[in-house]
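This report covers a sheet and a set of salt bridges. The sequence and structure are shown first.

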Amino acid sequence: MDDLERELRDLSAWLETPDPPDVAARVRARLAAPAPRPRRWRYLLAAALTAAAVAVLPPGRAALADAAAGLLRFAGITIATTPDPALPTGAASALPSQRPATVVEAQRRVRFPIRTPTRLGPPEQVLVADPDGAGFCRVATLLYRGGTLRVDAFDGRLDLAFHKEASAPGATWVRVNGDFAVWIGAPHAVSYVDREGTVRRETARLAASTLIWQEAGVSYRLEGDLTRPEAIEIARSLG
């Protein structure tokens with residue numbers, strides 16, 4: 001089983017499907033009956049149903065769902081929907097080796113382009129964090145409005161970088177520039193996932209409403225006191 005087949009099998013658990021039919025009984029009945037003439041509409045219907053199922057899934061194999069665990073992986077972020085998650089209190093520790101930088105310096109320290117939303121203008125502060133052995137950082141953060149509004153950017157093609165725990169109704173699918181995105185419209189716990197895939201609970205903090213999307217292989221999470229339309233407009237203005 002290749003990666004695509006495995007991901008499709010996992011994603012199918014998030015779709016409502018009827019109980020499987022008794023295929024063996026149907027096959028036996030069909031063998032006993034006269035062979036009918038082929039009906040083109042059946043093939044068209046099957047194609048339409050397949051297209052409809054694919055249409056509800058994010059393109060580019062960007063999502064991976066585990067219905068049993070209540071877990072969704074999208075754009076390098078895991079989202080665990082829980083009935084009543086334990087919300088963190090107090091100040092969280094910074095991301096590994098986090099430090100301030102100018103926009104120009106930050107661009108030299110990451111392997112992906114740093115883009116700023118034109119709706120927000122130049123950031124008040126820029127942070128880079130978690131460098132590798134060559135000194136290239138994994139995350140760049142743009143801060144606005146005294147740090148209450150932030151844009152985290154990281155290479156979404158790499159391993160997970162953030163873990164979120166959202167209470168009901170949890171995350172919902174939205175669109176940004178025609179592509180799928182995830183909106184979490186309530187406070188929720190967010191933690192950093194290190195390069196080994198371990199959730200670093202010491203970084204856990206209470207996050208505000210968050211929009212998660214991906215463009216050109218770079219993942220973004222916009223967090224702040226925003227409505228969903230406001231967040232989408234900011235995401236669309238990414239320059």
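Is aspartate 152 buried or exposed? In this predicted model, aspartate 152 has a relative accessible area of 0% and is therefore buried, the cut-off being under 20%. Its salt-bridge partner is arginine 150, with N and O 3.1 Å apart. Arginine 150 is buried as well, with a relative accessible area of 16%. Both residues belong to a network of salt bridges that also links Arg205, Arg221 and Glu223.

The model contains 11 salt bridges. Three of them are listed here, including the pair just described.

| Pair | N to O |
|---|---|
| Arginine 111 and aspartate 132 | 3.6 Å |
| Arginine 119 and glutamate 233 | 3.7 Å |
| Arginine 150 and aspartate 152 | 3.1 Å |

Arginine 119 is exposed at 54% relative accessibility, whereas glutamate 233 is partly exposed at 33%.

Helix 5 (residues 228-236) lies across strands 9, 10, 13 and 14, and runs at about 40° to strand 9. These strands are part of an open sheet of eight strands, paired antiparallel in the order 4-5-6-7-14-13-10-9. Strand 4 (99-101) and strand 9 (172-176) are at the edges with a single partner strand each, so one side of each has no neighbour in the sheet. On average, neighbouring strands are turned by 25° against each other, direction ignored. Strand 4 is joined to strand 5 (residues 125-131) by three bridges; alanine 101 has valine 126 as its bridge partner in strand 5.

Terms used. Residues are numbered from 1 along each chain as its sequence is written. This is a predicted model: local features need pLDDT of at least 70, side-chain atom pairs count only at pLDDT 80 or more; totals for chains, interfaces and linings use all residues. Side-chain values use heavy atoms; hydrogens and water are left out. Two strands pair if DSSP finds at least two bridges between them. Helices (H or I, at least four residues) and strands (E, at least two) are DSSP runs, numbered from the N terminus. Axes are lines fitted to C-alpha atoms, for helices over the stretch in contact, and angles run from 0 to 180 degrees between N-to-C directions. Contact means heavy atoms within 4.5 Å. A salt bridge is a side-chain nitrogen of Lys or Arg within 4 Å of a carboxyl oxygen of Asp or Glu. Buried means under 20% relative accessible area, exposed over 50%, partly exposed in between (1.4 Å probe, protein chains only).
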